[in-house]
Amino acid sequence: MKTTDTPPPAGAQEPAPAAEARPLAKTAAPRPAKETKGGGVLNLFSHGVLVIWAILVVMPLLWAVMTSFKDDKSIFTKPWSLPDTLHFENWSRAWTQAHMSDYFLNTILVVAGSLVGTLLLGSMAAYVLARFEFPGNRFIYYLFIGGMSFPVILALVPLFYVLNNLGLLNTIHGLILVYIAYSLPFTVFFLTSFFRTLPTSVAEAAIIDGASHTRTFFQVMLPMARPGLISVGIFNFLGQWNQYLLPTVLNTDPEKKVLSQGLVQLAVSQGYKGDWSGLFAGLVMAMLPVLGAYIIFQRQVVAGLTAGALK
């Protein structure tokens, strides 16, 4: 018996024909060859510049270290060759006869005292300027900023007479005070921005628990600011260790000269004597503490510089 399909009721839509299966097209278009080539050229160029820069920085350091172990004749006859024999007596001669040990001790005393004072006073001032609103806050902050643009050479004559009147001329503690004043503007500027990135909820919780502002600063906020303190401490250490202009004017006592003054005196005296190997040994001695400090704390320096941008 032949059957016929029942027509659909009025108003009903006929079922749509089944769509043919098609392969899905790729959503990500291939990168143009021209753009990939341009990125590779730029990458190669940047790496080449970094390699050239590394060579320009590292080669003089390695050459100075290598030269410090040569004798005077080899320095002039074979300046680029490795030393035939390691002359450790160059270092001992520079340490004892050239009084590098005395210069090192004076420099360590001055830099250690000024670094502690700079970080302590700078962090306290920066914390107050960053966390508390009071009349004159921005004015004091901009005074510190203005101190960064003031040339230190213009303050040498007034500083000389001020220290002379206070009886601090040619003294270790007088030089420490000058170093602290010289380093405070940058320290306050750097740490003020860093303290603003730290969460305020931790300090508020400490205040609610009954901690005073002093205890909150030293036990809560200061440990949180450790990356920033290490970063600005490294920069201050480099600047104070290599400072030459201030001690030359304010510290003329031969027994209290710092390392930068001692190196200049060593260069003059050894140049007349022809003891170039002892001069290079003294130069490397002055360079090693700075290089070692940066190698040890390089991660903390990078973390402190980028902490404000990552939060």
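**Figure 1. Lining of the largest cavity.** Thr-107, Val-110, Val-111, Tyr-179, Gln-240, Trp-241, Gln-243, Val-258, Leu-259 and Ser-260 line the largest cavity in this predicted model. On a 1 Å grid over the protein atoms alone, a cavity is a set of points where a 1.4 Å probe fits but cannot get out, and lining residues have an atom within 4 Å of a point. The largest cavity has a volume of about 40 Å³, a volume being the space filled by probe spheres set on the points, with grid points joined across faces, edges and corners. One cavity of 30 Å³ or more is counted. At least two lining residues come from each of H4, H10 and H12, and H4 gives the most, with three residues. Helices (H or I, at least four residues) and strands (E, at least two) are DSSP runs, numbered from the N terminus.

Residues are numbered from 1 along each chain as its sequence is written, and side-chain values use heavy atoms, with hydrogens and water left out. Because the model is predicted, local features need pLDDT of at least 70 and side-chain atom pairs count only at pLDDT 80 or more, while totals for chains, interfaces and linings use all residues.

**Figure 2. The largest nonpolar core.** A nonpolar core is a set of buried Ala, Val, Leu, Ile, Met, Phe, Trp, Tyr and Cys residues joined through side-chain atoms within 4.5 Å. The largest one has 25 residues, of which Met-100, Phe-237, Trp-241 and Leu-259 touch the most other members. Two or more residues come from each of helix H3 (89-96), helix H4 (100-131), helix H10 (226-241), helix H12 (259-273) and helix H13 (276-296). H13 gives the most to this core, with nine residues. Leaving aside residues up to four places away in sequence, Leu-259 touches Met-100, Tyr-103, Phe-104, Thr-107, Trp-241 and Ala-286; contact means heavy atoms within 4.5 Å.

**Figure 3. The buried side of helix H3.** Asn-90, Trp-91 and Ala-94 of H3 are buried. They lie on the same side of H3 because they cover an arc of only 95° around the axis, the arc being that of the directions from the helix axis to the C-beta atoms. Buried means under 20% relative accessible area, exposed over 50%, and partly exposed in between (1.4 Å probe, protein chains only). H4 and H13 are among what covers the buried residues of H3.

Figure 4. Ser-183 lies in helix H7 (residues 172-197) and is buried, with a relative accessible area of 5%. Not counting residues up to four places away in sequence, Ser-183 touches Thr-118, Asn-236 and Gln-240. The largest pocket is lined by 18 residues, of which Gly-147, Ala-181, Tyr-182, Ser-183 and Pro-185 lie nearest its centre. Helix H5 (137-148), H7 and H10 are the elements that give two or more residues to this lining, and H7 gives the most, with six residues. About 440 Å³ of space lies in this pocket. A pocket is an open set of grid points with protein on both sides within 12 Å along at least five of seven lines.

**Figure 5. Confidence along the chain.** The protein chain averages a pLDDT of 83, pLDDT being the predictor's confidence in each residue, from 0 to 100. Confidence is lowest in helix H14 (residues 298-310), at a mean of 62, and highest in H4, at 94. Over residues 1-13 pLDDT stays under 50, and the model has zero contacts there beyond four places in sequence. Where pLDDT is low, the predicted coordinates should not be read in detail.
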